[in-house]
Amino acid sequence: MSYLVLARKWRPQTFSELTGQEHVSQTLQNAIDSGRIAHAFLFTGARGVGKTSSARILAKALTCEQGMSPEPCNVCPACTEITAGTAVDVLEIDGASNTGVDDIRELRENVKYLPSRLRYKIFIIDEVHMLSTNAFNALLKTLEEPPPHVKFIFATTEPHKVPITILSRCQRFDFRRIPLGKVVGRLRHIVEQEGIAISDVALTMVARKGDGSMRDSLSVLDQVLAFCGDQVRDEEVVSLLGVVDRRLLMDATAAIFDRDTRAALGIVARVDEFGYNVRQFCGELIDHLRNLLILKAVGDVNDLLDLSEAELAALRQQADGAPLDDLQRHLSILLRADGELAHTSFPRLVLEMALVRMATLAPAVPVDKLLERLKKIEEVGGSGVADARAQWRATPPASPVVSPPAGASDRPASTPTSPPQPVERPAAPTASSTPPSHRRGPQPAPEPRRTGDDWADFVVYVKGGKPRLGSMLEQGSPLAVTAERLEIGFPEGAFALSSLKDSDSQAALKELALQFFKADPAIVLRSLSPGTGEAPPNLLEKKRAEDERRQSDLKQAATSHPAVSEALDVFGGTLAEVVPLGRKESQ
Ligand SMILES: [Zn+2]
C-alpha cells in the first residue's frame with residue numbers, strides 16, 4: 001500500500017471532524033436541517049483551513065443516499081464516491097487552470113442537464129478568483145437563474161478579487177485561521193491513532209510552524225515523522241524545524257526577572273551555540289513578552305493568545321512575578337534592540353546589551369502607589385516641612401568668618417528672615433578713629449570687634465575700611481599675629497602678595513593695624529613654597545571647610561526629617577544639596 005500523506009489520510013469527512021471552523025459548520029448544518037439551502041456558497045480563508053474539505057462534506061450532506069442530513073453517512077455509494085473524487089455529479093474545477101471563458105461555457109452547457117445519479121449537480125470551483133473577467137461574466141448568467149438541481153460552491157483565498165456581482169449572489173462563509181490549541185488537539189488525536197510517541201511540546205512546535213493551517217501543520221508533522229520515525233524526541237523537532245526552544249525563552253525571561261545578568265548573558269551564549277539567528281530569537285522573545293504582558297493585563301486570554309494549554313500554564317506562572325510596568329519597559333527595550341538588529345554588524349552585542357539592560361532595570365513603582373505615598377508625605381510631612389522652615393529661619397547658621405557679635409544671639413525672633421549680616425556693620429564714626437582714606441567704601445568700624453581670633457577680627461576690620469585689602473588678606477595664612485609682628489604668608493607668586501607689597505597698600509595696612517592693635521606691629525609678607533605644610537589655613541579655606549561641614553550637618557538634619565526621608569523613599573532618589581531658605585531667597 002502506497003503511503004498517503006497525513007493531510008489526505010486525515011482529511012475531515014464530517015462537519016464534526018472539521019477543526020476550528022465551528023461557526024461555519026454550525027451554520028451549514030442549520031441550513032440543511034431547515035431546508036433553506038442557498039444555491040451558491042463562497043468559502044473564503046487562508047490556505048489549509050478546511051475550505052475544500054468543507055465543500056466536499058457539504059456536497060455529501062446534500063446528496064447522501066440516507067437522506068439530506070447535517071452529517072453525511074460516509075458509507076453510501078454517493079458519499080464514498082465523493083470522498084474518492086469519482087462522483088460524476090460532483091465536479092471539482094480548479095479555477096487556476098480553467099480560467100477561460102470556454103471552460104465556463106462548457107460548465108454552462110453541463111448545468112442544463114439533470115444530475116445523472118445524485119440529488120444535485122454540484123460544482124466546486126477552487127481558487128475562483130483566478131477566473132478571467134469574461135469567465136466571471138459567463139458564470140454570472142448561470143448564477144442569476146440557476147436551475148434548481150444545481151449547487152455552486154466557490155472557494156478562494158482572495159475574496160477581494162471576486163467581482164461584487166458574483167459575491168452578492170453567494171452565501172459567504174469566512175474560514176478562520178485555526179487556533180494553535182485546536183491544531184494541537186487535532187494533531188494529538190491523529191498521532192494517537194497512528195501510534196506515534198510525541199510530546200505536546202513537540203506537537204505545539206509543529207502546529208506553530210503550520211501557522212494556523214491544518215494542512216501545513218500536517219505536512220510539517222509528515223516531515224518530522226519521516227525524520228524521526230514513530231518515536232519523536234523534542235530536541236529532534238527543535239533542530240529539524242529550526243525553531244527557538246520555548247525553554248530558552250522561558251529561561252531568558254526568568255533571568256531578566258531575577259535580575260541575574262550572568263544568566264542572561266548565558267542565554268545569549270546558548271542562542272549562539274544552537275546557531276539560532278539572533279534576530280529571530282529577539283523576535284520570539286518579543287512575542288513571549290507580549291504574551292506575558294497580555295496575560296498580565298487581561299487575565300482571561302483564551303481568544304487573544306495562540307498558545308497551547310501547557311504553554312499557557314507555564315506562562316501564567318511566570319507572569320505572576322512580573323509587574324505590568326516592568327513588562328512594558330522590557331518590551332520597549334527589546335523592540336528598540338530589534339530595530340538595531342536590522343542593520344548592525346554586531347547582532348550578538350546588541351542582544352547582550354538589551355538583555356543586560358533589562359536584567360539591571362530598576363523596579364518601577366506603580367503610579368498609584370506613588371500618589372498614595374505622596375499623599376502620606378503631605379499628611380505626615382506637611383506640617384513637618386513648615387516646622388523645618390520656621391526652625392531654619394529662627395536659627396540661621398553662624399557665619400564661619402564672623403561669628404555673630406555678642407548680643408546678636410538675643411535678636412528678637414520677629415525678624416527671622418534677615419540673613420546673617422555681621423560682616424559689614426554700619427560705621428559709627430568717633431573722634432578716635434579717622435581712616436586714612438575717605439575715597440570710597442564704608443568707614444572702618446571705630447571699635448574693632450573682638451571674638452578672640454585676632455586675625456579673623458583684624459581681617460574683618462580691614463574689610464570694613466578697605467574691602468579690597470581685606471579680600472587679599474583673606475587669602476593669606478596668618479603666620480604670626482601679635483602686637484609686635486604681623487606675619488602673613490601667601491602662596492608663591494600669588495597676585496595678592498605682589499599687590500599688597502606696593503607702597504599704598506603697605507601704608508594703608510600699617511594705618512589699619514595701628515588702629516586695630518593699638519600698636520605698630522611690623523608687617524611681614526612672606527612667599528610660601530607649595531607643599532611645605534607649615535602655613536595655617538587661610539580664611540577662605542577655613543570658610544570653605546566650614547561651609548562643607550555645615551552642608552553635611554544640614555544634610556544629616558534633612559535626611560532624618562520624616563518628610564524628606566519619605567520623599568526619598570517614594571522617588572528612590574538621593575539628597576544632592578540642602579539650600580538654606582534665607583540664602584536661596586537672597587540669591
Ligand atoms: Zn451517505
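Predicted model: local features only at pLDDT ≥ 70, side-chain atom pairs only at ≥ 80, totals over all residues.
Residues are numbered from 1 along each chain as its sequence is written, and side-chain values use heavy atoms, with hydrogens and water left out.

View 1. The zinc ion has as its protein donors the SG atoms of Cys64, Cys73, Cys76 and Cys79, which lie 2.2 to 2.3 Å from it. Donors here are N, O and S atoms within 2.8 Å of the metal (3.2 Å for Na, K and Ca), and water is not among the atoms, so sites may look incomplete. Along the chain, the donors of the zinc ion are spaced as C-x8-C-x2-C-x2-C. Cys64 counts as buried, at 0% relative accessibility, whereas Cys73 is partly exposed, with a relative accessible area of 25%; buried means under 20% relative accessible area, exposed over 50%, and partly exposed in between (1.4 Å probe, protein chains only).

**View 2. Gly85 in its loop.** Gly85 is placed in the loop between helix H4 (77-84) and strand E2 (90-94), where helices (H or I, at least four residues) and strands (E, at least two) are DSSP runs, numbered from the N terminus. With 58% relative accessibility, Gly85 counts as exposed. Its C-alpha atom is separated by 9.2 Å from that of Arg56, which is 29 residues apart from Gly85 along the chain.

**View 3. Helices H5 and H6.** Helix H5 (residues 101-112) packs with helix H6 (residues 133-144) at an angle of about 15°, and their axes are 8 Å apart. That angle makes H5 roughly parallel to H6, since angles under 35 degrees count as roughly parallel and those over 145 as roughly antiparallel, with 65 to 115 roughly perpendicular and the rest oblique. Axes are lines fitted to C-alpha atoms, for helices over the stretch in contact, and angles run from 0 to 180 degrees between N-to-C directions. Residues of H5 including Ile104 and Leu107 meet residues of H6 that include Ala138 and Leu139, contact meaning heavy atoms within 4.5 Å.

**View 4. Helices H13 and H17.** Helix H13 (residues 261-274) and helix H17 (residues 347-359) have axes 9 Å apart and pack at an angle of about 155°. That angle makes H13 roughly antiparallel to H17. On the H13 side, the residues that meet H17 include Leu265 and Val268, and among their partners in H17 are Leu351 and Leu355.

**View 5. His330 and its surroundings.** His330 is found in helix H16 (residues 324-341) and is buried, with a relative accessible area of 3%. When neighbours within four places in sequence are left aside, His330 is in contact with Ile256, Phe257, Leu289, Met358 and Leu361.

**View 6. Helix H11 and the residue that follows.** In helix H11 (residues 234-241), the buried residues are Asp234, Glu236, Val237, Val238 and Leu241. These buried residues of H11 pack against helix H9 (200-210) and helix H10 (214-228). Gly242 follows H11 and has a positive phi, near 65°.
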